[in-house]
Amino acid sequence: MSVGSILRSFRRAFPAFTALLAANANACLVCGGRCEPRQQGHFGSLCRTCFRGIPWITRVYCLICGRPEHCPDCVRRARAAFVLSRSAVRYDAAIRAWIAQYKYGGNEAFEPLLGELLTMAYRGLCAELRLPPSMPRRFDAVIPVPVSEARLLERGFNQAERLGGRLAESEGIPLVDALRRTRHSVKQSAKTRGARLRDTHNLFRADSAAVAELLHSRSRPDSCRLLLIDDIYTTGSTVNACAEALADALRQAAPTLRFEIYCLTLARS
Ligand SMILES: [Zn+2]
Ligand SMILES: [Zn+2]
């Protein structure tokens, strides 16, 4: 039985309990303790202890994928199709539970909190790239990593699209749903690293109409800066396959265009 189905059956069995938790606006979203509304933005939905427990990535070791310790994956990859990837937090037990509550447990109250984590990662990325807040469109488009049709039916939403949409809206950047999955793949987290790298080959394709929209809406005539969004970064094979599909489509549609693809995820495992 998956974490998701356990959470779903719990919520079905104890609707009164979950409603009670939700009704108490002063209760920490995670532990039910007293929340600290003075905390910045949606972090106000957490108590002081849960807020302090957030495993922020404050220093990166691998400059490509943002891993906070030695990284064998980027060394093994001949060339990444993305410039670099950054994540807000480490994928520890707490963050795993928050994401599971949202993705599989259908607890939408976690969305603003996870969105806030992505915003923090975005601010860090902009600071690192020296893109000042005064710059009108720091990125030309926010592009979510797609989920398969089967996953979409089962879950009802694509978390990358929802969280990316929040970021896009607050930053005034268009959200362009430019990628499609060519097949349904087994859950990435259930596979070994080698299998992951093999299985993501040609897993994505770019939608030509969406790529045309993307080229049309860009803010600079000769260059384009794109931001891929996903929830969890593990080996980087998913975001790299997405970046490859996007890069191929851009090279075909606009051979002289200079473009850079960056990735942003909530958590780094
Ligand atoms: Zn708490
Ligand atoms: Zn790396």
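Q: Where do I start, and how many helices and strands are in the chain?
A: Start with the overall make-up. This model is predicted, not an experimental structure. The chain has eleven helices and six strands. It holds 269 residues, and buried residues make up 50% of them.

Q: What share of the contacts join residues at least 24 apart?
A: Take contacts between residues at least 6 apart in sequence. Of these, 69% join residues at least 24 apart.

Q: Now the metals. Which residues are the protein donors of the zinc ion (ligand 1)?
A: To read a metal site, list the donor atoms and their distance. Here the donors are the SG atoms of Cys28, Cys31, Cys47 and Cys50, lying 2.3 Å from the zinc ion (ligand 1). Along the chain they follow the spacing C-x2-C-x15-C-x2-C.

Q: Why is the arrangement around the zinc ion (ligand 1) called tetrahedral?
A: Look at the angles. Four donors count as tetrahedral if all angles lie between 85 and 135 degrees. The four donor atoms around the zinc ion (ligand 1) subtend angles of 103 to 116°, so the arrangement is tetrahedral.

Q: Is Cys47 buried or exposed?
A: Check the relative accessible area. Buried means under 20%. Cys47 has 6%, so Cys47 is buried. Cys50 has 15% relative accessibility, so Cys50 also counts as buried.

Q: Which residues coordinate the zinc ion (ligand 2)?
A: Cys62, Cys65, Cys71 and Cys74 coordinate the zinc ion (ligand 2) through their SG atoms, at 2.3 Å. Their spacing along the chain is C-x2-C-x5-C-x2-C. The angles subtended by the four donor atoms run from 107 to 118°, so this arrangement is tetrahedral. Two of the donors, Cys62 and Cys71, are buried.

Q: What is in the largest nonpolar core?
A: A nonpolar core is a set of buried residues joined through side-chain atoms. The largest one has 38 residues. Those with the most contacts inside it are Trp98, Leu114, Leu117, Phe139, Leu227 and Leu264. Next, ask which elements supply it. Those giving two or more residues are strands S1, S5 and S6 and helices H5, H6 and H8. H6 (110-128) gives the largest share of this core, nine residues. The core also draws at least three residues from each of domain 1 (1-53) and domain 2 (59-268).

Q: Which residues does Leu114 touch?
A: Leave out residues up to four places away in sequence. Leu114 then touches Trp98, Ile99, Tyr102, Leu163 and Leu266.

Q: How many residues are in the second, separate core?
A: That core has 37 residues, including Cys71, Leu203, Cys242 and Cys263.

Q: Which residues of H5 are buried, and which residue caps its N-terminal end?
A: To read a helix, check its burial, then its ends. The buried residues of H5 are Ile95, Trp98, Ile99, Ala100, Tyr102 and Lys103. Asp92 caps the N-terminal end of H5. A side-chain oxygen of Asp92 lies 3.2 Å from the backbone nitrogen of Ala94.

Q: Last one. Where does Thr265 lie, and with which side chain does its own make a polar contact?
A: Thr265 lies in strand S6. Its relative accessible area is 0%, so Thr265 is buried. The side chain of Thr265 makes a polar contact with the side chain of Ser87, at 2.8 Å. Residues that Thr265 touches include Arg86, Ala88, Leu118, Asp230 and Tyr233.

Notes
Residues are numbered from 1 along each chain as its sequence is written. Chains are lettered from A and ligands numbered from 1 in the order in which they are written. This is a predicted model: local features need pLDDT of at least 70, side-chain atom pairs count only at pLDDT 80 or more; totals for chains, interfaces and linings use all residues. Side-chain values use heavy atoms; hydrogens and water are left out. Donors are N, O and S atoms within 2.8 Å of the metal (3.2 Å for Na, K and Ca); water is not among the atoms, so sites may look incomplete. Four donors count as tetrahedral if all angles lie between 85 and 135 degrees; four count as square planar and six as octahedral if opposite donors are over 155 degrees apart and all others between 65 and 115; anything else is irregular. Buried means under 20% relative accessible area, exposed over 50%, partly exposed in between (1.4 Å probe, protein chains only). A nonpolar core is a set of buried Ala, Val, Leu, Ile, Met, Phe, Trp, Tyr and Cys residues joined through side-chain atoms within 4.5 Å. Helices (H or I, at least four residues) and strands (E, at least two) are DSSP runs, numbered from the N terminus. Domain bounds come from an automatic or database domain assignment. Contact means heavy atoms within 4.5 Å. A polar contact is a pair of N or O atoms within 3.5 Å; within protein, one must be able to donate a hydrogen and the other to accept it, and residues adjacent in sequence count only if both atoms are side-chain atoms.
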